[in-house]
Amino acid sequence: EVEAAFKEGRIASLIGVEGGHAIQNSLGVLRALRDLGVRYLTLTHTCSTPWAECARASETDLEDPDSPRGLTHFGRTVVREMNRLGMLVDLSHVSQATMKEALEVSRA
């Protein structure tokens, strides 16, 4: 739909959720958001979720590039479910380990 709008000289905009904490550790909530029109989810934002590590806890913290923390088993399941639903996986604000694991898991 975005590509069709662009070809028609129109502007398209996606509805997204900024922070995986919004799904409350529930794939059902993720699916409900998709049904309501959400087309992308930022895995983390200003803080980590129980299943995905944020790049830093606050704006003044430095990211630890060597941090091994990334996605948990549930976090990898979230990425797979987003692929299945056709949602974009937004990697803004995530740690390097989270980014690498999300890219390894994602098939879309």
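Glu 81 and Arg 84 both lie in helix α3, three residues apart, which is about one turn of the helix; helices here are DSSP runs of H or I with at least four residues, strands are runs of E with at least two, and both are numbered from the N terminus. The two residues form a salt bridge whose closest N and O atoms are 2.8 Å apart, a salt bridge being a side-chain nitrogen of Lys or Arg within 4 Å of a carboxyl oxygen of Asp or Glu. Glu 81 counts as buried because its relative accessibility is 8%, whereas Arg 84 is exposed, with a relative accessible area of 57%. Buried means under 20% relative accessible area, exposed means over 50%, and partly exposed lies in between (1.4 Å probe, protein chains only). Salt bridges that share partners join Arg 31, Glu 81 and Arg 84 into one network.

This is a predicted model, in which local features need pLDDT of at least 70 and side-chain atom pairs count only at pLDDT 80 or more, while totals for chains, interfaces and linings use all residues. Residues are numbered from 1 along each chain as its sequence is written, and side-chain values use heavy atoms, with hydrogens and water left out.

## Other salt bridges

The structure holds five salt bridges. One of them brings together the side chains of Glu 101 and Arg 76, at 3.7 Å from N to O. This pair links distant parts of the chain, with Glu 101 in helix α4 (residues 96–105) and Arg 76 in helix α3, 25 residues apart. Arg 76 counts as partly exposed because its relative accessibility is 26%.

Arg 10 forms a salt bridge with Glu 8, and the closest N and O atoms of that pair are 3.0 Å apart. Both Arg 10 and Glu 8 are exposed.

## Parallel strands and the crossover

Strand β1 (residues 15–18) and strand β2 (residues 38–42) run parallel and are joined by four bridges; two strands are taken to pair if DSSP finds at least two bridges between them. Ile 15 has Val 38, in β2, as its bridge partner. From β1 the chain crosses through helix α2 (residues 27–35) to β2, and this β-α-β crossover is right-handed, a term used if, with the strands pointing away from the viewer, the path from the first strand over the helix to the second runs clockwise.

Strand β2 also pairs with strand β3 (residues 88–90), in the parallel sense and over three bridges. Here the bridge partner of Tyr 40 is Leu 88, in β3.

## The loop between β2 and α3

Thr 49 is found in the loop between β2 and α3 (73–85), and it counts as buried because its relative accessibility is 10%. A polar atom of the side chain of Thr 49 lies 2.9 Å from the backbone nitrogen of Ala 52.

Gly 70 also has its place in the loop between β2 and α3. With a relative accessible area of 13%, Gly 70 is buried. The C-alpha atoms of Gly 70 and Ser 95 are separated by 6.8 Å, although these residues are 25 residues apart along the chain.

Conventions
Polar contact = N/O pair within 3.5 Å; in protein donor to acceptor, adjacent residues only side chain to side chain.
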